[in-house]
Every structure is written in structure tokens, then in C-alpha cells.
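Trainee: I have a sequence and a model open. Show me how to read them, one feature at a time.

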Amino acid sequence: MIPISKIKARAILDSRGEWTIEALVTLSDGSTFPASVPQGKSIGSYEAHNVSAARARRAIERIISPRLKGENPCNQKAIDGILISLDGTPQKSRLGANAILAVSIAVARAGAAYLDIPLWKHLRTIGRFRTPHAPPRLYINVINGGLHAGNSIRFQEYLVIPRAKTIVRSIEIGCAVYRALGDYVEKQKGASARNIGDEGGYAPNFTDDLEPFRAIRAAARAAGFSQKIDLGLDAAASNIEASEKSLHAVYRKMIGKYGLWYLEDPFGENEWEAFAALAKDQRVKTRIAGDDLTVTNIKRMMEAKLKNSINAVIIKPNQIGTVTEAIRAVRFAKKAGWLVVASHRSGETNDDFIADFAYGAGADGIKLGAPARGERTAKYNRLLEIERFEKK
Ligand code: PEP
Ligand code: MG
């Protein structure tokens with residue numbers, strides 16, 4: 001065992017030009033392992049709390065580093081347990097979920113390196129996950145609205161979900177549709193329609209909630225992949241002023257006209273019953289996913305299960321704050337029989353941990369934004385790397 005000798009931290013920029021935190025875990029042999037954490041914009045009220053980057057840096061260097069000195073980096077569960085009790089608050093507001101997660105991920109990288117295995121394999125072992133039959137499907141956000149763009153679209157993310165057996169084929173299909181969509185919106189709405197939002201999707205004004213799906217269908221036809229994609233929507237409805245009844249009616253239209261396959265946060269973060277009514281109404285076809293509803297928190301996920309609110313779930317490690325808790329959330333979701341989708345955040349760094357996490361945990365899907373902007377392509381490229389070079 002090579003123990004942890006010190007942990008340093010520094011403020012770095014995320015993709016919106018906001019400060020976030022990077023932790024650097026050094027082992028006693030001098031090897032150093034970095035990790036930086038993303039930040040959301042449409043943040044659920046029940047997520048773990050971030051603190052300012054300056055405060056996170058102090059927490060890591062003054063409180064976490066001395067406590068973890070001498071610990072075995074391979075013992076992820078024990079280290080995350082120490083981090084949780086060192087913080088001692090229900091939403092990690094003392095040290096900050098950002099400070100804690102940056103350390104937790106950097107420790108996972110150190111553990112994997114010591115064991116001389118890829119990070120995804122280390123995470124698979126920690127979670128005791130079985131090897132899945134297929135790699136995660138890609139949930140590609142090709143049109144940005146809501147809080148992620150300054151346009152007329154009230155829903156946050158219009159998703160293309162390629163149907164393919166490999167990551168590389170999914171990326172080929174997703175990128176072809178994305179590029180064709182750029183051509184289509186430019187032709188329809190002028191050159192400025194190519195401008196992109198926070199997650200790299202196009203962000204023009206559309207006349208109604210369904211027009212983005214019309215555009216995606218046209219683009220998929222032009223690219224020759226109509227039969228190779230499913231459609232999804234992250235409504236992020238906690239940020240929308242609309243009645244449950246009117247939203248339900250819009251979703252029914254999307255389901256009827258476009259065969260909507262996946263629907264995330266169709267209602268606000270406390271609307272358990274509205275979720276349940278839709279999940280029951282559409283149980284067989286459309287996957288109804290919780291994000292702000294469940295916030296990768298097992299207590300909230302238990303409530304969702306009890307109330308039959310969802311049959312799919314978003315897993316975001318920074319909603320809960322440690323690798324071990326995120327792994328537990330995946331295990332819970334799998335046991336519940338839900339579709340599991342690991343996700344980035346809208347404010348990202350180039351850290352590609354989420355790709356290893358999704359792969360290692362055997363998630364059904366991974367949501368990474370569009371194949372544009374370096375902080376998004378970093379994750380797609382990591383998935384390619386895992387599939388091409390590490391799986392063999
Ligand atoms: C989301 O809501 O799924 C999302 C990725 O957005 P944010 O990171 O802004 O919460
Ligand atoms: Mg969401």
C-alpha cells in the first residue's frame with residue numbers, strides 16, 4: 001500500500017467561466033492524481049451543497065488533507081466514510097460537496113493507478129457491478145433551452161439517443177444527426193441559429209414546444225439515420241411555470257407524434273404524484289426519469305419507488321458528493337429495475353470521470369451534452385478510449 005501523503009487544491013474555471021475546484025492527491029511515492037468537479041445551473045433544492053472555490057480549497061488543504069494523510073487510497077469506501085463524517089451535515093454544507101467530491105474522485109484515480117487497472121474497472125470492482133451486455137447509450141443534447149440558453153424554448157434539453165451496439169457507432173450516428181441539424185436550423189432560421197448553448201446544442205428560437213423535434217426528425221432523415229435514433233426530453237420542469245395538466249397534455253402530444261422515448265423531470269421537484277400519474281399512463285413506452293426529483297439521494301429515491309413516480313433515474317455524483325454514495329445510488333436504482341443514466345453538469349471542466357463512472361457502473365445511458373465544446377468532447381473521447389483500447 002502506498003498511503004496518501006498530502007492533498008492540495010486550486011480554483012480552476014468551468015465552462016461558464018465560473019470558479020470550481022480541483023483537488024490533487026499525492027501519495028507517499030510522489031505520484032499525484034487530479035480531479036475537478038462540475039457545477040449545475042438548474043440545481044435541485046435537495047442536492048448536496050457546494051461552497052465557494054476559495055472555501056473548498058481551504059477545506060481540502062486545512063481539514064481534509066491532514067485527516068487523510070496515511071490512509072490507503074484503494075479503500076474508497078473507508079475514505080468516503082471519513083469525508084462524510086468530517087463534514088457531518090446532511091447536505092455537505094460545512095466542507096462543501098464540491099470539495100469532498102474532488103477529493104473522492106482523485107482518491108479513486110490514485111487507487112486505480114496503484115492497482116494498475118483503468119478507473120472504470122476499479123469503480124466496477126468497488127460497486128460489485130456485473131459486466132453489462134452493452135455499453136451505455138448516449139443521450140446527446142442537440143437543442144438547448146431553459147436555463148441553458150437565451151432563447152424562447154422553455155424545455156431544457158432535446159435529446160437524440162442513438163440505437164447502436166458500440167460507443168463508436170453511437171457517436172457516428174449522433175454526430176451525423178447533430179451536424180445535419182446545424183445545417184437544417186441554419187437554412188430555416190439563418191446563420192445565427194448555429195449558435196450553441198451551455199451544453200453545445202443549438203439554441204435558436206422555436207415557435208412551439210414540438211418544433212425542435214420536427215427539426216431533429218428532418219435532420220435525422222437528411223443524415224440517413226431516421227430509424228437509428230430515439231428521442232428524449234429533459235423538461236427540467238422545476239424551472240417552468242405551467243400547470244401539471246397543461247404539461248401532461250404537451251408530453252402526450254410529444255409521445256403521440258414523435259414517440260418520445262425518454263422524459264426527464266417532467267414536473268417540479270416535489271410533484272411525486274404528477275410523475276406517478278405520467279409513469280403509470282405511459283409505463284410501457286416512455287421512460288420517466290427523476291433528476292431534481294431524486295438528486296442521486298437514496299432517501300429521495302426510496303420515496304420515488306414507494307410512490308411509483310419514475311422508472312428511470314439520472315445519477316450525478318456531484319448531487320450527492322462522494323463516489324461511494326453515487327455507486328450506492330446506482331445499485332439502488334438497478335435493484336428497483338429503473339433505467340440508469342449517468343450525467344455530466346451544464347458547467348463542466350475537462351475532467352472525464354463521468355465516462356469511467358458510467359462505463360464501470362454499467363449504466364444504461366450517459367448524458368453528456370452535444371459533441372461540441374472541449375469539456376463535452378473530453379467525455380465522448382474518453383468513452384471511445386475505453387471501448388477501443390481498454391476493453392480488450
Ligand atoms: C440537468 O438538468 O440534467 C443538467 C445537466 O443541468 P444542470 O447541470 O444545469 O443541473
Ligand atoms: Mg435534468
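Mentor: We will go through the domains, their interface, the salt bridges and some helices.

Trainee: What kind of model is this, and how are residues and chains labelled?

Mentor: It is a predicted model, where local features need pLDDT of at least 70, side-chain atom pairs count only at pLDDT 80 or more, and totals for chains, interfaces and linings use all residues. Residues are numbered from 1 along each chain as its sequence is written, chains are lettered from A and ligands numbered from 1 in the order in which they are written, and side-chain values use heavy atoms, with hydrogens and water left out.

Trainee: Into which domains is the protein divided?

Mentor: Domain bounds come from an automatic or database domain assignment. Here domain 1 covers 4-116 and domain 2 covers 127-391. Their C-alpha centres lie 27 Å apart.

Trainee: How do I read the area that domain 1 and domain 2 bury between them?

Mentor: The size of an interface is often given as the accessible area lost when the parts come together. Buried area is that loss, taken with a 1.4 Å probe and summed over both parts. Domain 1 and domain 2 bury about 2,600 Å² between them. Carbon and sulfur atoms carry 49% of it. On the domain 1 side, Ser15, Ser42 and Tyr46 supply 25% of the area buried against domain 2, more than any other three residues.

Trainee: How many residues of each domain are in contact with the other?

Mentor: Contact means heavy atoms within 4.5 Å. By that rule, 31 residues of domain 1 touch 32 residues of domain 2.

Trainee: How many residue pairs are in polar contact between domain 1 and domain 2?

Mentor: A polar contact is a pair of N or O atoms within 3.5 Å; within protein, one must be able to donate a hydrogen and the other to accept it, and residues adjacent in sequence count only if both atoms are side-chain atoms. The count between the domains is 22 residue pairs, both residues at pLDDT 80 or more.

Trainee: Which elements give two or more residues to the domain 1 side?

Mentor: Helices (H or I, at least four residues) and strands (E, at least two) are DSSP runs, numbered from the N terminus. The elements on that side are strand E1 (4-13), strand E3 (32-36), helix H2 (76-87) and helix H3 (97-115). H3 gives the most, with six residues. By class, the side of domain 1 that touches domain 2 has 13 nonpolar, 10 polar and eight charged residues. Ala, Val, Leu, Ile, Met, Phe, Trp, Tyr, Cys and Pro count as nonpolar, Asp, Glu, Lys and Arg as charged, and the others, Gly among them, as polar.

Trainee: How many salt bridges does the rule find across the interface?

Mentor: Side chains of opposite charge can pair when their charged atoms come close. The rule asks for a side-chain nitrogen of Lys or Arg within 4 Å of a carboxyl oxygen of Asp or Glu. It finds six across the interface of domain 1 and domain 2. The count in total comes to 29. Asp352 and Arg109 meet in a salt bridge at 3.5 Å, N to O.

Trainee: Which parts does the pair of Glu47 and Arg345 tie together?

Mentor: Glu47 and Arg345 form a salt bridge, with the closest N and O atoms 3.1 Å apart. Glu47 lies in the loop between E3 and helix H1 (53-68), and Arg345 in the loop between strand E10 (339-343) and helix H12 (353-361), so the pair ties together parts that are 298 residues apart in sequence. Both residues are buried. Buried means under 20% relative accessible area, exposed over 50%, and partly exposed in between (1.4 Å probe, protein chains only).

Trainee: What does Glu375 pair with?

Mentor: Glu375 meets Arg373 in a salt bridge at 2.6 Å, N to O. It also forms one with Arg376, at 3.2 Å between the closest N and O atoms. Glu375 counts as buried because its relative accessibility is 9%. Arg373, at 26%, counts as partly exposed.

Key. Buried area = accessible area lost by both parts, 1.4 Å probe.
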